[in-house]
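Me: I would like to learn how to read strands, sheets and cores in a model. Please take me through one case step by step.

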Amino acid sequence: MDSEEEKTGEIYGTSQSSSLIQGIFEQAAIDKQEKNMGEIQQRATHDEEEEEEEYRSQPDPIPLDLTLEILSRLPAKSIVRFLCVSKLWSSYTTLPSFISSFASRPRRLVLTFLKYKKRFIFSFPQHENTDGSYSPFYSYEMKNANSWRRNCSYYPSQSVQGFIFFKGNVFWNPTTQQVLQLPKPTRKLRFWGHTYLGYDPLEGKYKILVINSQQHRILTWGGAQWRLIPNGFPSHFPGIYLGCVDGVLYYEAFFVIGGESCIMSFHVGSEKFNPIHFPEGISSNLYSFMIVPYEEGRLALVGTTYFPNISVKLWVLEDADGHEWTCKSFTLPPRTRRGWNNLELKGVSDAGELVFTPMVLTDSFYVLYFDPRRNTIREALFQGIFGDEFGCRYRLGDNSKYSSTFNVDVFPNHMENFVSLL
């Protein structure tokens, strides 16, 4: 009996010792945890104090309006590089106030050509400085133009609010150097036909119009699908692109019945067609035509011939409904400069000047500006465009075999635009 009590006492004593030791370890763990929590809180408080002190020591962040003002004064080439800094910086360029600030900037003349199976871009200033000089031009190679390697010289649009459209559904923003292949229509919509780019200034929307003799399709840029435009006028065959002025797109058209030609106007906003008769007695076989804005909100049809001298006829549309035109004729002085050879009308500047450039590009690029309202001429000559670091890197003028470049596309009056195509 005594031995059983002694065994029970030993077991009880051992149990008490184990519980005591376990309690000591648990308390030690709690004390360590509380100590660690205290250190963490102390460290966090210290870090917060340091961050607050660092924040107070930093200058106040630049206000958004001042940031936009700084960016708006930078060259477009610099802004394109800054788009990669951060998403915040990139988002600045999509603000309507920032985009509209570039509408008042001096326009540029964009030149592009294909050489060595690569596409090269040159951007020239269109306006003189106060001392009569011109700001530097810049150039680059299209890095993402795999779908645009072939020659696209046929029926390109003008530069329309910063975008250019080429045959093959190639949509191009020269400022951001982005190229986009537009989606093809469904099988129900025929894909062939002439393609034109228009812009609605009221809604701020770009629209691509495809015309053939059987149906007319339209795609609003940013939209997912092509749409059919109901026929509300006689069927016609589309012709050359004549221009887009104040939200109205113009192209030459030939009616299926009778074969009569006219100027077809298409209101980009309302998507309505309206034919305008050509001035009486003129033939599209004799002139190269273009629609340009003229004085007091009127339109003018420009016809040019080039031999023996450059002759310009300007038909001013006095009444679109009555198809009334008045005609003015000009003959430019005899060609004395080498750069006058093979000149071709490419468009109109924002000052109303007709812009002529050579069809063949050499180491010098010559531009002739003719103002029909004042009957004055202004010339610009950019020399050594192939001899700079860019030209040497790509061997643009390394020997006589490639000293001249043909199939040059020129787009005057280009407005720099940072709207992304992606």
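**Reading a covered strand**

Reply: Start with β20, which is mostly covered, since 5 of its 5 residues are buried. Keep in mind that the model is predicted.

Me: Which residues of β20 lie on one side and which on the other?

Reply: L354, F356 and P358 are on one side, V355 and T357 are on the other, and all of them are buried, leaving both faces of β20 covered.

Me: How should I read the pairing of such a strand?

Reply: As a general idea, strands of a sheet pair through backbone hydrogen bonds, either parallel or antiparallel. Here β19 and β20 run antiparallel and are joined by 5 bridges. Within that pair, T357 in β20 is the bridge partner of E344. β20 also pairs with β21 (residues 365–371), in the antiparallel sense and over 3 bridges. There F356 stands opposite L368 in β21.

Me: How many residues lie between the strands in the hairpin of β19 and β20, and which residue takes a positive phi?

Reply: That hairpin has 5 residues between its strands, and G352 takes a positive phi near 85°. The hairpin of β20 and β21 has 6 residues between the strands.

Me: Where is A351 found, and what is its relative accessible area?

Reply: A351 is in the loop between β19 (343–348) and β20 (354–358). Its relative accessible area is 33%, so A351 counts as partly exposed, the class between the cut-offs of 20% and 50%. A351 is 20 residues from D371 in sequence, and their C-alpha atoms are 8.3 Å apart in space.

Me: Over how many bridges do β2 and β3 pair?

Reply: β2 (residues 118–125) pairs with β3 over 4 bridges in the antiparallel sense. F120 stands opposite E141 in β3.

Me: What should I expect of nonpolar side chains?

Reply: In soluble globular proteins, nonpolar side chains tend to be buried together. In this model the largest nonpolar core has 29 residues, and those with the most contacts inside it are F171, L197, L209, Y251, F266 and F273. Two or more residues each come from β7 (194–200), β8 (205–211), β9 (216–220), β11 (236–245), β12 (248–255) and β13 (261–267). The most is given by β8, with 5 residues. Another core, of 21 residues, lies apart from it and includes F120, V355, F365 and F390. Two of these residues have already come up: V355 on a face of β20, and F120 opposite E141.

Me: Which residues does UniProt list as a domain?

Reply: The unreviewed UniProt entry lists residues 62–97 as "domain: F-box". Over that stretch the chain is 67% helix and 0% strand, with its end C-alpha atoms 17 Å apart.

Terms used. Residues numbered from 1 in each chain as written. Predicted model: local features only at pLDDT ≥ 70, side-chain atom pairs only at ≥ 80, totals over all residues. Heavy atoms only, no water. Core = buried A, V, L, I, M, F, W, Y, C linked by side-chain atoms within 4.5 Å. Buried < 20%, exposed > 50% of the residue type's maximum accessible area, 1.4 Å probe, protein only. Pairing = 2+ DSSP bridges. UniProt positions renumbered as here; feature names shortened; annotations may be inferred.
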